[in-house]
Amino acid sequence: MIYLDNSATTRTFGSAAEVAKKYMTETYFNPSSAYGPAVTVEKAVNGARRRIADTINVTPNEIIFTSGATESNNMAFSGALRAMRGNGRIIVSAVEHPSVFETARRYADVGYEVEFVGVDATGRVNVDMLKSMLGDDVRFVSIMQVNNETGAVNDIPAVYNAIISQAPGALLHVDGVQGFLRVPFNARFCDMYSLSGHKFHAPKGVGALYVRNRTKFLGGQTGGGQENGLRSGTSCTSGIMAMDAAIAQYTEHSREYIDGMYACKKRLADNIKRINDTFINGPAIADGAPHILNASFMGVRGEVLLHALEEKQIYVATGSACSSKKKGKNRILDAMGLKPERQESAIRFSLSPFNTVNEMDEAAAAIESIIAVLRRYKRR
Ligand code: PMP
């Protein structure tokens, strides 16, 4: 098997899976309980909180554990907007993940004006356009760190500085799901930051939201008051501690992992560029995130190529897994101004430190032979 769909989810590190098992079968105590072994678990969870905080240069009491980035993103909107008086404008980028894009759209039903800032041809948010949209009535802005379909990396410090000067009453939320650990980030350039464990080799169903101290924020689900009263629900200790182990491993091997993914991405791109009528969608290889490459093989529908590759046990995506069942155009590539034929023939390859350069050669050779057949068939 060649697994090239790591933006959808990743294989859990062995180290993380072992830790999860320990917190399920041995130290399974509820960290909110009063006796010693439970307090030990609570301390471990707070250690995990500190590791995330250190990674993005914030303090541990600014980190809230969640069930993943969909929850973090939803909670960023609801926790912040419920704490504000009156309506106003919400601005998100046109290429956000559905957990931001659809969430923003819901606020149009309750009196907010929701606006979308465009991107350039490489998929990066157009900061000049954002500047022309900002104003005193803007309440909330959400711009992703790294796009999950193209690997485009946004200039978050520029976005933040524009907001500080032109919309000082607005909060900036950043969806960091595809950037955390893979692209450097300093969370001091935003008010909120979301991340998700299963995108960096922790299990599914655990994530976090950073909320800057002193932000007016009412949190998410209510109940027993866990997570400092901001996100009730018994802590998923196995998931949190496994996520901690994954962050520790990733951080320790960061250089090796990132260099390895870039080398693979470059090799795959070089191989693909040799195939006729093929376009890379998104930023230049060195400008994008190390693990995401999007390409269109003209004349071959992405879906058809995906399933032909599946027969060879090579797994890729046509776009975000969360929107792959929706028919029609690709919202992300469309925002970049790509023609419908190029959108329809797009494939997203997403890598992890487990991938090898040999796999990039094998995958490209498979693509080349499949599309040679499909294009011949099409011409008849
Ligand atoms: N944001 C982005 C950019 C993503 O890629 C994803 C996962 N596809 C999410 C949010 C949602 O994360 P989760 O699966 O943890 O809900």
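A residue is called buried when its relative accessible area is under 20%, exposed when that area is over 50%, and partly exposed in between, with a 1.4 Å probe and the protein chains only. By this definition aspartate 277 is exposed, with a relative accessible area of 52%. The structure is a predicted model, in which local features need pLDDT of at least 70 and side-chain atom pairs count only at pLDDT 80 or more, while totals for chains, interfaces and linings use all residues. Residues are numbered from 1 along each chain as its sequence is written, and side-chain values use heavy atoms, with hydrogens and water left out.

Aspartate 277 lies in the loop between α8 (254–273) and β9 (278–281), where helices (H or I, at least four residues) and strands (E, at least two) are DSSP runs numbered from the N terminus. Although aspartate 277 is not a glycine, its phi is positive, at about 55°. Most residues other than glycine have a negative phi. A positive phi, near 50°, is also found at glutamate 227, which lies in the loop between β8 and α7 (237–252) and, at 13% relative accessibility, counts as buried.

An open sheet of mixed pairing is formed by 7 strands in the order β2-β8-β7-β6-β5-β3-β4, two strands being paired if DSSP finds at least two bridges between them. The edge strands, each pairing on one side only, are β2 and β4 (113–117). Within the sheet, β6 (residues 171–175) and β7 (residues 192–196) pair in the parallel sense over 3 bridges, and aspartate 175 stands opposite serine 194 in β7.

Helix α2 lies across β2, β7 and β8 (207–211) and runs at about 115° to β2; contact means heavy atoms within 4.5 Å, and axes are lines fitted to C-alpha atoms, for helices over the stretch in contact, with angles from 0 to 180 degrees between N-to-C directions. Lysine 43 is found in α2 and is exposed, with a relative accessible area of 62%.

The second largest pocket was also examined. A pocket is an open set of points on a 1 Å grid over the protein atoms alone, where a 1.4 Å probe fits, with protein on both sides within 12 Å along at least five of seven lines, and lining residues have an atom within 4 Å of a point. Of the 22 residues that line the second largest pocket, those closest to its centre are Arg49, Ile63, Gln226, Glu227 and Asn228. Helix α2 gives the most to this lining, with 4 residues.
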